[in-house]
Amino acid sequence: MKNPPIGGFLLPNSYTQRVHCIFLNGDILNNTMDEHRKKVFVIEDDEHISKVYEMKLLQAGIASSFEKTGEGAVARIAAERPDLIVLDMMLPKKDGFAVLEEIKKDPTLAQIPVLVLSNLGQQSDRDHALELGAKEYLIKVEHSMQEVIDRVKQYLGIA
Amino acid sequence: MSHTQMKLFTQLEKLFTPYALLVLNVAIILAVEFLGGGRFFEETGIVHAIAIIFVGLIIVQIFSDYAFSDFILKRFLAVQLAFFLFLGLVHIYEYVGLRIITLDEGTVEQSVMISYLIWILGVFLSFASVSRIYYKRSMFMIALLSVLISMSAIYVVGINVSSVLAQNIMPWFHLATFACIVLLGVGGIMYMNRVAKIMPVFGAYARYAKPAIIFLIFAALFEYFESTHFLSAYGISDTQDLYIAHFLIYATLSLLFVGFSKFKNPSGIYEEKYPSSV
């Protein structure tokens, strides 16, 4: 926990899961130390899309991490324990299906919901991803970024 | 490329809407058919040199900002754009070959036909690089296509460099080349449909690329007629035959230009842009 500014003290709020910084003059600085901000882990090799994700998630008050390839993704997910994974299927070196399968086989990671966002549009791809344990399969050209963010918020339980 | 240059290319591209390209093509047809009694463009060879307008447009496309930067789509675009530029440059070669270097007409016609074939093989190659994600045997197809493209390119260079080779082009070779263009063109359209089903992001581009292939097949047909003087028996002069072949290829290039522009503003999540100032 960070130190409060001089002249203030910390007041944890167990209801909101936030820590407020109370100044001695009575001013309250809210959300200064939000220790339980929801976190999304995005596996996406398209830099354009990743930048837009980051911007939109930040605007929505959601923390995010990014990984460009399938290879290092699972290890990072194990280390970071995100609340939600957004997964592209067409990744260099190790595709999204292999990553999804690996996540769902790991009992420590299997409970993390996975939202697939892909350019692959066939029903067989959708069915395969859902069989592997994805919560939902969205096709990139059929859903706006705002729709995707709304889905993310829904899975994170954010209004 | 600097931000200013990118903005300039974006502005240039905005001028060439589908309607503007339609007007351009109609203007070309009217100018070619009616200026100088309808023979000026043929006698001066300018009917070939008009291709430079389209080469300029292709260069605009090459240096434009596309919506994606993922590895598969970038690779597809790189291959497609390279062959698109090649197709545009074919008619610059035709002008230089016929008017400046004064190569043998049959050699130039055969080179143009083979170049159309190379372009269609390039379309296959770009889509094969996408379908690799699905089908392992695409690696074999990519290798085969690369060999065919290389052999065709070597043949084109060969007939242009060696007069012995050029003089010994078999008469049936023109027809065989045209037959390959038809078969591969139809195959290319079917392949494009399949890949557009696998990846809907190609749908908008395919809507323009498929008629472009059809126009190219007909352009090749009229090139073949020109080489055999087939239409003169029906009262259609070789000049008119030449003009029709070029109108068709300029329509092909126009359709491809519009098709590529669809990759800049695809629907869905690609509609949201990251502010360049951030």
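Select chain A: 5 helices and 8 strands make up its elements. Helices (H or I, at least four residues) and strands (E, at least two) are DSSP runs, numbered from the N terminus. This is a predicted model, in which local features need pLDDT of at least 70, side-chain atom pairs count only at pLDDT 80 or more, and totals for chains, interfaces and linings use all residues. Residues are numbered from 1 along each chain as its sequence is written, chains are lettered from A in the order in which they are written, and side-chain values use heavy atoms, with hydrogens and water left out.

**Stop 1: all of chain A.** Start at the N terminus and trace the elements: β-β-β-β-α-β-α-β-α-β-α-β-α. Now colour by burial. Of the 159 residues in chain A, 44% are buried. Buried means under 20% relative accessible area, exposed over 50%, and partly exposed in between (1.4 Å probe, protein chains only).

**Stop 2: His143(A).** Select His143(A) in the loop between strand E8 (136-139) and helix H5 (145-156) of chain A. Is His143(A) buried or exposed? His143(A) counts as buried because its relative accessibility is 15%.

Next, show Glu147(A). Its side chain makes a polar contact with the side chain of His143(A), at 3.0 Å. A polar contact is a pair of N or O atoms within 3.5 Å; within protein, one must be able to donate a hydrogen and the other to accept it, and residues adjacent in sequence count only if both atoms are side-chain atoms.

Contact means heavy atoms within 4.5 Å.

**Stop 3: the interface.** Show both chains. Here 26 residues of chain A are in contact with 24 residues of chain B. There are 12 residue pairs in polar contact between the chains, both residues at pLDDT 80 or more.

Turn to the side of chain B that touches chain A. Helix H6 (71-100) and helix H10 (171-198) of chain B each supply at least two of its residues. Which helix gives the most? H6(B) does, with 3 residues.

**Stop 4: the salt bridge.** Select Glu272(B) and Lys56(A). Their side chains meet in a salt bridge, 3.6 Å from N to O.

Note on methods:
Salt bridge = Lys/Arg side-chain N within 4 Å of Asp/Glu carboxyl O.
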